[in-house]
Amino acid sequence: MSETAHVTGPATTREAALRVAVIVGSARGGRVGPSVAEWFVRQAEQRTDLVLDVVDVATLDLPVSMPDWDGLPDPAPATQAALAEVTPRLAAAEAFVIVTPEYNHSFPASLKNLVDWHFTQWQAKPIGFVSYGGVGGGLRAVEQLRQVFAELHAMTVRDSVSLHGPWSGLGEDGRPLDAAVCEDAAKNMLDQLLWWGRALRAARAEHPYGE
């Protein structure tokens, strides 16, 4: 799955395609996150109102050790290089979709690490979720992420996509076996993400957040 932008749709003024970063949140060995993300991207690419950029945390080299609150000492050169790769992409995004499993009733540390390395990049932007895992379908991870992103001044959309037991609920092609239900859920979530994304884009243009 490429990390380059998937461009779809015309670039008009008010109705310009929304720039959405799709974040694959798991870095675990044997993960199914890329398959889930690929399925979701295929659904989203059918629309003409989105521009997608896939960010995979497994490709990032962000340490868990962070600078002090005053920014000192500066991150190591390797960390600065990793941030230079991902931070502008998050800043450019007007909305996010988080693809996350559920580990021990929560979300992966790799995802939290990416979130914590950034702050203003999330502010006043909408966030949707595609979760997977077991009987709960990753919903407990999503509920905790809602609290995290509220603290970061982001707006999480109400509807989400939940894949229950992806190891048995996904076919060999990475598509959910119950495709109709999952595709409908993806459409509903993206519709909400687009509405909030456009509304918040207009609000930020009229009055930058926090000023």
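Colleague: How many salt bridges does a search of the whole structure find?

Modeller: Twelve salt bridges turn up in that search. Keep in mind that this is a predicted model. The general idea comes first. Side chains of opposite charge can pair when their charged atoms come close. Now a case. Glutamate 102 bridges to arginine 140, with 2.7 Å between the closest N and O atoms.

Colleague: Which parts does that pair tie together?

Modeller: Glutamate 102 sits in the loop between β4 and α3, and arginine 140 sits in helix α4, so the bridge ties together parts 38 residues apart in sequence.

Colleague: What about arginine 158 and its salt bridge?

Modeller: Its partner is aspartate 159, and the closest N and O atoms are 2.9 Å apart. Arginine 158 is exposed because its relative accessible area is 70%. Aspartate 159 is buried because its value is 19%.

Colleague: Where do lysine 187 and aspartate 191 lie?

Modeller: Both are in helix α6, residues 179–206. They are four residues apart, about one turn of the helix. Lysine 187 is partly exposed, at 45% relative accessibility. Aspartate 191 is also partly exposed, at 30%. Salt bridges with shared partners join Arg47, Asp49, Lys187 and Asp191 into one network.

Colleague: Now rings. How many aromatic pairs are there?

Modeller: The count comes to four aromatic pairs. Phenylalanine 129 and phenylalanine 149 form a tilted pair, 6.4 Å centre to centre and 45 degrees between the planes. Phenylalanine 129 is in strand β5 and phenylalanine 149 in helix α4, so this pair ties together parts 20 residues apart in sequence. Both phenylalanines are buried.

Colleague: Why is the pair of tryptophan 195 and tryptophan 196 edge-to-face?

Modeller: Because the planes of tryptophan 195 and tryptophan 196 stand at 80 degrees, with ring centres 5.0 Å apart. Tryptophan 195 is exposed, at 55% relative accessibility. Tryptophan 196 is partly exposed, at 34%.

Colleague: Which residues do ring pairs link into a cluster?

Modeller: Phe96, Trp122, Phe129 and Phe149. A ring can also have a charge over its face: arginine 28 lies over tyrosine 103, at 4.7 Å from the ring centre.

Colleague: How do I check the span of α4?

Modeller: At 1.5 Å a residue, the 13 residues of α4 should span 18 Å. The end C-alpha atoms are 19 Å apart, which agrees. After α4 comes histidine 153, whose phi is positive, near 65 degrees.

Colleague: Which residues of α4 are buried, and what do they pack against?

Modeller: The buried set is Ala141, Val142, Leu145, Arg146, Val148 and Phe149. These buried residues pack against β4, α3, β5 and β6.

Colleague: Let's take a single residue. Where does alanine 21 lie, and what is it in contact with?

Modeller: Alanine 21 is in strand β2, residues 18–24. It counts as buried, at 1% relative accessibility. Beyond four places in sequence, alanine 21 contacts Asp53, Ala93, Ala95, Phe96 and Val97. Alanine 21 and alanine 95 are 74 residues apart along the chain, yet 6.5 Å separates their C-alpha atoms.

Colleague: And where is glutamine 123?

Modeller: Glutamine 123 is in the loop between α3 and β5. It is buried, at 15% relative accessibility. Leaving out residues up to four places away, glutamine 123 touches Leu152, His153, Arg204 and Tyr209.

Colleague: What pLDDT does the chain average, and where does pLDDT stay under 50?

Modeller: The average is 89, and 90% of the residues score at least 70. Over residues 2–13, pLDDT stays under 50. The model has 29 contacts beyond four places in sequence for that stretch.

Key:
Residues are numbered from 1 along each chain as its sequence is written. Side-chain values use heavy atoms; hydrogens and water are left out. Helices (H or I, at least four residues) and strands (E, at least two) are DSSP runs, numbered from the N terminus. Buried means under 20% relative accessible area, exposed over 50%, partly exposed in between (1.4 Å probe, protein chains only). Contact means heavy atoms within 4.5 Å. pLDDT is the predictor's confidence in each residue, from 0 to 100. Rings of Phe, Tyr and Trp (its six-membered ring) pair if their centres lie within 6.5 Å; planes under 30 degrees apart count as stacked, over 60 as edge-to-face and the rest as tilted. A charge sits over a ring if NZ of Lys or CZ of Arg is within 6 Å of the ring centre and within 35 degrees of the ring normal. The expected span of a helix is 1.5 Å times one less than its number of residues. A salt bridge is a side-chain nitrogen of Lys or Arg within 4 Å of a carboxyl oxygen of Asp or Glu.
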